[in-house]
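Subject: Structure handover

Hello,

Here is the structure I promised. Please open it first, then read my notes below.

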Amino acid sequence: MAKTANLNIRVDPEIKSSAEALFSSFGLTVSDAVNIFLHQSLLEGGLPFAVKQPRYNAETEAAMVEARAIAEGKIPAKRYNSVREMMEDLDAEDTDEC
């Protein structure tokens, strides 16, 4: 019988549950998946995938910049008196983009 060592890690319960469901669809346990990850890391001589910041399209990046500016009080947030007023403004923005 092969010798084994215990590895204790802390993960978000929702992440664990989602990972268990994913790996079970391949017939694997989380332990199997961690072992595969560790073996692949050793074969690669590092992480078996590129670690980089997410990239967003220009529209999403602009929305994120605008949201930060609103949160920091650099630009005022739009305010509406009703949902109808907000929807009319959104519809007007859609028309402007066409």
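The radius of gyration here is taken over C-alpha atoms, and the globule rule is 2.2 Å times the number of residues to the power 0.38. By that rule, a compact globule of 98 residues would come out near 13 Å, but this protein has 24 Å. Its C-alpha atoms fill a box of roughly 70 × 30 × 30 Å along the principal axes.

Some ground rules. This is a predicted model: local features need pLDDT of at least 70, side-chain atom pairs count only at pLDDT 80 or more, and totals for chains, interfaces and linings use all residues. Residues are numbered from 1 along each chain as its sequence is written, and side-chain values use heavy atoms, without hydrogens and water.

The protein has four helices and zero strands (DSSP runs, numbered from the N terminus: H or I of at least four residues for helices, E of at least two for strands).

Buried residues make up 3% of the 98. Buried means under 20% relative accessible area, exposed over 50%, partly exposed in between, with a 1.4 Å probe and protein chains only. Leu-22 sits in helix H1 (residues 13-24). Leu-22 counts as partly exposed because its relative accessibility is 44%. From Leu-22 to Asn-57 is 35 residues in sequence and 28 Å in space, C-alpha to C-alpha.

Where does Leu-22 sit in the chain's elements? As above, in H1.

Best wishes
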